There are 2 protein chains.
Amino acid sequence: MSAAREDRATRRPGRRTTNGEPYTLGSLIEVAALAFLERGYDATSMEDLSRAAGITKSSFYHHVSGKEALLRGALDRALDGLFGVLAEPAALEGPPVARLRHIVRRQVEVLATELPYVTLLLRLRGNTETERWALGRRREFDQAVAALVREATEAGAARPEVDPVVAARLLSGTVNSLIEWYRPDRVAVADLVDAVERQVFDGLLGG
Amino acid sequence: MSAAREDRATRRPGRRTTNGEPYTLGSLIEVAALAFLERGYDATSMEDLSRAAGITKSSFYHHVSGKEALLRGALDRALDGLFGVLAEPAALEGPPVARLRHIVRRQVEVLATELPYVTLLLRLRGNTETERWALGRRREFDQAVAALVREATEAGAARPEVDPVVAARLLSGTVNSLIEWYRPDRVAVADLVDAVERQVFDGLLGG
DNA sequence: AGCTGTGCCGAACGATCGTTCGGTGGGTAC
DNA sequence: GTACCCACCGAACGATCGTTCGGCACAGCT
């Protein structure tokens, strides 16, 4: 996590005494998200975070207003990624099934590339106001996908025997469950996208 | 340690002042699991638990050795349910696909009926020795299912284009994601089982 | 030279955590 | 009666939490 700090040590951009890279809010949010991913939000102390960043706890507070701000920043990044998918042209035009396919594929990509942030979003319990706000936005996203599943079912393009609401939940569940096991070094993102699409739209059996 | 207290319920077994129901370890584990389900393990204090049980914090400790024991008890119950499925005859005999189908259906049933306990199991981060022990047992279960998926693929009964390991992860993810939204009062268990089986083995599309 | 702003730190704050302990009151056994 | 048991409680323990504060070292500017 600190390898990038001493390379351009000659120039003094901000203040930084011993090394070049200043601590930005974004970089500290990244550090925090990785720690939250590993131990969970509540079980991660500010001492843990500051140690991971390479400074003391009190120095850490010089750059960050508090623990909840780190959470909020990470959740913002996750939600921006997800809602960005919904705003893409291929998610807005064409038959419902095609739009659904595109959203699922892109959602998997966002999950894979923004893994720590999305993981944080999906593990929320709603204990604080910030968490409830993020859960509300996440529900918006899920409902948009659920509406698309219902459209596809009514258009006769999806299995009518299954309640579209339940189908949408299972769909979201399948995609979101990636955070439980996917690690970027083991499986390529492109292969992951294909595998999820096949399993979701074609099922486990057949061939 | 405590099972001997409730069996002879007619004769005032323990002491109980205001009501007849004695506090057994099992009933307190149930209370705890429900609270953990709502707020998360770390965010739930012993004060919360004792208040939910209707006694003070110090009285609570008269019945329970500690917070981790409650966690351990709940995890035990979840793991017993899951491994019980693997031990059923229909999970041991017959072609791989049929055994897989049976396990998936029964696993959904266990998730639905033991929801708080399984939820606790699936949210573990491995911060304590107890958590790591439970994660190890859970991995055993997942590997047993993964082995069955591989068998089915080699037998030509599942899609060969998808890596069996990834397919098994997606399968487990789909089933386990039920804990994120399923509540026993909204959808009947039998309908849930059918919907999951269809979505997993037949896919979202078609009709 | 002196002044100022800033990155960083040690020490401590009050709050809350899980846990322990001494005691109390009312029931049972003798 | 009296001795004992046990569910229950109030109060406090040490530890750790997130957060704050005063001060130190050093760079840029005048």
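Tutor: Let us begin with helix α1 (residues 25-39) of chain B: at 1.5 Å a residue, its 15 residues should span 21 Å, and its end C-alpha atoms are 21 Å apart, which agrees. Keep in mind that this is a predicted model.

Student: Which residues of α1(B) are buried, and what covers them?

Tutor: The buried ones are B:L28, B:I29, B:V31, B:A32, B:A33, B:A35, B:F36 and B:L37. Their cover includes α2 (46-53), α3 (57-63), α4 and α7 of chain B. After α1(B) comes B:G40, with a positive phi near 95 degrees.

Student: How does the span of helix α8 (residues 129-154) of chain B compare with what is expected?

Tutor: Helix α8(B) has 26 residues and reaches 37 Å from its first C-alpha to its last, close to the expected 38 Å. Its buried residues are B:E131, B:A134, B:R138, B:V145, B:L148, B:V149, B:A152 and B:T153. These pack against α4 (67-86), α6 (96-113), α7 (115-122) and α9 (164-176) of chain B. The helix is followed by B:G156, whose phi is positive, near 80 degrees.

Student: Now a pair of helices. At what angle do α4(B) and α6(B) pack, and how far apart are their axes?

Tutor: The angle is about 160 degrees, and the axes are 9 Å apart. That makes α4(B) roughly antiparallel to α6(B), because angles over 145 degrees count as roughly antiparallel.

Student: Which residues make the contact between α4(B) and α6(B)?

Tutor: From α4(B) come B:G81, B:L82, B:V85 and B:L86, and from α6(B) come B:I103, B:R106, B:Q107 and B:V110. By class, this contact has five nonpolar, two polar and one charged residues. The crossing of α4(B) past α6(B) is right-handed.

Student: Let us switch to chain A. Why is A:G73 called partly exposed?

Tutor: A:G73 has 18 other C-beta atoms within 10 Å. A residue is buried at 20 or more and exposed at 12 or fewer, so a count in between is called partly exposed. A:G73 is therefore partly exposed.

Student: Where does A:G73 lie, and which residues is A:G73 in contact with, leaving aside its neighbours within four places in sequence?

Tutor: A:G73 lies in helix α4 (residues 67-86) of chain A. Beyond those neighbours, A:G73 is in contact with A:L25 and A:I29. A:I29 is 44 residues away along the chain, yet the two C-alpha atoms are separated by 6.6 Å.

Student: How many helices and strands does chain A have?

Tutor: Chain A has 10 helices and zero strands. Buried residues make up 35% of its 207 residues. Among contacts in chain A between residues at least 6 apart in sequence, 59% join residues at least 24 apart.

Technical notes:
Residues are numbered from 1 along each chain as its sequence is written. Chains are lettered from A and ligands numbered from 1 in the order in which they are written. This is a predicted model: local features need pLDDT of at least 70, side-chain atom pairs count only at pLDDT 80 or more; totals for chains, interfaces and linings use all residues. Helices (H or I, at least four residues) and strands (E, at least two) are DSSP runs, numbered from the N terminus. The expected span of a helix is 1.5 Å times one less than its number of residues. Two residues are in contact if their C-beta atoms, placed from the backbone, lie within 7 Å. Axes are lines fitted to C-alpha atoms, for helices over the stretch in contact, and angles run from 0 to 180 degrees between N-to-C directions. Angles under 35 degrees count as roughly parallel, over 145 as roughly antiparallel, 65 to 115 as roughly perpendicular and the rest as oblique. A crossing is left-handed if the near helix is turned anticlockwise from the far one by less than a right angle, and right-handed if clockwise. Ala, Val, Leu, Ile, Met, Phe, Trp, Tyr, Cys and Pro count as nonpolar, Asp, Glu, Lys and Arg as charged, and the others, Gly among them, as polar.
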